[in-house]
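Have a look at the structure below before reading on. The notes that follow walk through its charged pairs, its aromatic rings and its packing.

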Amino acid sequence: SSVHIALIHQDGSNNHLGINSFSDKISFFPYFFLKDALSVILFFVVFSFFVYFIPNFLGHPDNYIEGNAMITPEHIVPEFYFLPSYAILRSIPNKLLGVLALFFSLLVLLFLPFINTSELRSSIFRPIHRKFFWLFIIDFFLLGYIGQQTPETPFIEVGQIASIYYFGYFLIIIPALGIFETHFNKFSN
């Protein structure tokens with residue numbers, strides 16, 4: 001969040017349409033400072049509620065079973081926020097390639113600003129991108145569902161297909177759509 005505050009302070013805010021507008025800038029203080037401070041306070045209130053009043057609400061009952069170092073049960077899964085990454089890890093039979101795919105599934109998010117070749121940053125004026133984006137969201141939740149299932153035959157294949165779409169969205173669809181939309185806009189004008 002400190003990077004967010006620093007970037008807003010340096011470059012200013014943009015509008016929700018994704019179009020650059022150098023007029024009508026809003027000053028950083030007090031508008032964005034108060035908005036970010038309210039977000040941080042709200043986060044700490046919700047976080048404190050879970051920590052102090054219901055600490056076991058998001059936990060799994062299997063966490064209270066005494067561990068056996070000799071046996072790893074099949075039904076053990078990570079927490080819900082790691083399930084899509086865990087599904088990508090399990091979808092590749094080779095362990096080293098699975099770990100590399102897990103690493104690249106997170107690394108590709110860091111390169112997203114450089115991968116996106118579209119002139120428009122918003123999806124409001126990009127109807128094709130919106131459809132692929134919602135397919136990606138469905139794919140992400142599908143990976144989360146597959147990550148909590150036992151590694152059996154229908155779930156492994158579905159996880160492999162969902163992992164291919166996950167990487168294909170970032171490495172093929174986003175750059176190709178940006179190039180297509182740029183050429184389409186040049187020829188339509």
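Which side chain meets Glu181 in a salt bridge? Arg126 does, with an N to O distance of 2.7 Å. Bear in mind throughout that this is a predicted model.

## Charged pairs

Searching the whole structure turns up 2 salt bridges. The one between Glu181 and Arg126 ties together distant parts of the chain. Glu181 sits in helix H7, while Arg126 belongs to the loop between H5 and H6, and the two are 55 residues apart. Glu181 counts as buried because its relative accessibility is 11%, under the 20% cut-off. Arg126 is buried too, with a relative accessible area of 3%.

The other bridge joins the side chains of Asp36 and Lys35, at 3.5 Å from N to O. Asp36 is buried at 11% relative accessibility, whereas Lys35 is partly exposed at 42%.

## His129, beside the bridge

Glu181 has another contact to look at: His129 touches Glu181, along with Ser123, Tyr169 and Leu177, once residues up to four places away in sequence are set aside. His129 is in helix H6. With a relative accessible area of 9%, His129 is buried.

What does Asp139 touch instead? Leaving out residues up to four places away in sequence, Asp139 touches Ala162, Tyr165 and Tyr166. Ala162 lies in helix H7 and is buried, at 2% relative accessibility. Beyond its neighbours within four places in sequence, Ala162 is in contact with Leu142 and Leu143 as well as Asp139. The C-alpha atoms of Ala162 and Phe140 are 7.9 Å apart, although 22 residues separate the two along the chain.

## Aromatic rings

The whole structure holds 21 aromatic pairs. Take Phe43 and Phe44: their ring centres are 5.5 Å apart and their planes stand at 65°, so the pair is edge-to-face. Phe44 is partly exposed, with a relative accessible area of 46%.

Phe136 and Phe140 make another pair, with ring centres 6.5 Å apart and planes at 40°, so this one counts as tilted. Why are they about one helical turn apart? Because they are 4 residues apart in helix H6, which covers residues 127-147. In general, an α-helix has 3.6 residues a turn, so residues three or four places apart point the same way. Phe136 is buried at 10% relative accessible area, while Phe140, at 35%, is partly exposed. Both belong to a cluster linked by ring pairs, which also takes in Phe141, Tyr165, Tyr166, Phe167, Tyr169 and Phe170.

## The nonpolar core

The largest nonpolar core has 17 residues. Those touching the most other members are Ile88, Phe136, Leu143, Tyr166, Tyr169 and Phe170. At least two residues of this core come from each of helix H3 (83-91), helix H4 (95-110), H6 and helix H7 (153-188). H7 gives the largest share, 9 residues. As a general point, nonpolar side chains in soluble globular proteins tend to be buried together.

Phe170 shows up in both the ring cluster and the core. Apart from residues up to four places away in sequence, Phe170 touches Val108, Leu109, Leu112, Ile115, Phe136 and Pro175.

## Helix H4

Which residues of H4 are buried? They are Gly98, Ala101, Ser105 and Val108. These residues pack against H3, helix H5 (112-115) and H7. Val108 is also one of the contacts of Phe170.

H4 has 16 residues and spans 24 Å from its first C-alpha to its last. That is close to the 22 Å expected at 1.5 Å a residue.

Notes. Residues are numbered from 1 along each chain as its sequence is written. This is a predicted model: local features need pLDDT of at least 70, side-chain atom pairs count only at pLDDT 80 or more; totals for chains, interfaces and linings use all residues. Side-chain values use heavy atoms; hydrogens and water are left out. Rings of Phe, Tyr and Trp (its six-membered ring) pair if their centres lie within 6.5 Å; planes under 30 degrees apart count as stacked, over 60 as edge-to-face and the rest as tilted. Buried means under 20% relative accessible area, exposed over 50%, partly exposed in between (1.4 Å probe, protein chains only). Contact means heavy atoms within 4.5 Å. A nonpolar core is a set of buried Ala, Val, Leu, Ile, Met, Phe, Trp, Tyr and Cys residues joined through side-chain atoms within 4.5 Å. The expected span of a helix is 1.5 Å times one less than its number of residues. A salt bridge is a side-chain nitrogen of Lys or Arg within 4 Å of a carboxyl oxygen of Asp or Glu.
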